[in-house]
Amino acid sequence: MFTLQIEHAIKDFGMWMGAYGNDPLGRCASGVVAQRIYRPIDDDHYVVLDLDFTTVDGAEKFLERLRSQVWSTSAASPALAGGPKTRIAEQQS
C-alpha cells in the first residue's frame, strides 16, 4: 500500500470540504482505495490528508494531476492558503 500524504494551510474548513467534496479528479476512478482527513486540534486552518493507492505509480500520477489541474489555479483550490507539503510513503509490515 502506498499513501499520498498531503498537508496544507487552509482559509476555511467548510470551504475546503466543499471543494474536496466536489472531487474534481475523481479519487476512486483515479485509484484511491481509502482516504483519511485530519485536522490538528490546535489549528483550525490546517488539514492533513492520507490517500491510499495500491501502486506507487497511481499515487505519483494522482499527485501530478493535483499539482497541474487543482493546485495551480485558485479557482480549482479556493480554500488553500499556501502551497501543500506532500510525500508518498510505503506501508511496511
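A residue is termed buried when its relative accessible area is under 20%, exposed when it is over 50%, and partly exposed in between, with a 1.4 Å probe and protein chains only. The structure is a predicted model, in which local features need pLDDT of at least 70, side-chain atom pairs count only at pLDDT 80 or more, and totals for chains, interfaces and linings use all residues. Residues are numbered from 1 along each chain as its sequence is written, and side-chain values use heavy atoms, with hydrogens and water left out.

Two helices and four strands make up the secondary structure of the protein, where helices (H or I, at least four residues) and strands (E, at least two) are DSSP runs numbered from the N terminus. The order of these elements from the N terminus on is β-α-β-β-α-β. The radius of gyration of the protein, 13 Å, is close to the 12 Å given by the globule rule for 93 residues, so the protein is as compact as a globular protein of that length; the radius is taken over C-alpha atoms, and the rule is 2.2 Å times the number of residues to the power 0.38. The C-alpha trace spans about 35 × 30 × 20 Å along its principal axes.

Of the 93 residues in the protein, 33% are buried. Contact denotes heavy atoms within 4.5 Å. Among contacts between residues at least 6 apart in sequence, 68% join residues at least 24 apart. The protein exposes about 5,400 Å², of which carbon and sulfur atoms supply 52%; these areas come from the Shrake-Rupley method with a 1.4 Å probe.

The largest nonpolar core has 19 residues, and Leu 4, Leu 51 and Leu 66 have the most contacts inside it. Such a core is a set of buried Ala, Val, Leu, Ile, Met, Phe, Trp, Tyr and Cys residues joined through side-chain atoms within 4.5 Å. Two or more residues are given to this core by each of β1 (2-9), α1 (13-22), β3 (46-53) and α2 (56-70). Helix α2 provides the largest share of the core, five residues.

Leu 66 is found in helix α2 and is buried, with a relative accessible area of 10%. Beyond its neighbours within four places in sequence, Leu 66 is in contact with Leu 4, Ile 6, Leu 25 and Trp 71. Pro 24 lies 42 residues from Leu 66 in sequence, and their C-alpha atoms are 9.4 Å apart. With neighbours within four places again left aside, the contacts of Leu 4 include Leu 51, Phe 53, Phe 62, Leu 66 and Ile 88.

His 8, placed in strand β1, is buried with a relative accessible area of 3%. Not counting residues up to four places away in sequence, His 8 touches Trp 16, His 45, Tyr 46, Val 47, Leu 80, Gly 83 and Pro 84.

The loop between α1 and β2 (34-38) contains Asp 23, which is partly exposed at a relative accessible area of 24%. Most residues other than glycine have a negative phi. Asp 23, although not a glycine, has a positive phi of about 50°. Val 32 is also placed in the loop between α1 and β2 and is buried, with a relative accessible area of 8%. Leaving aside neighbours within four places in sequence, Val 32 is in contact with Arg 27, Leu 51, Asp 52 and Phe 53.
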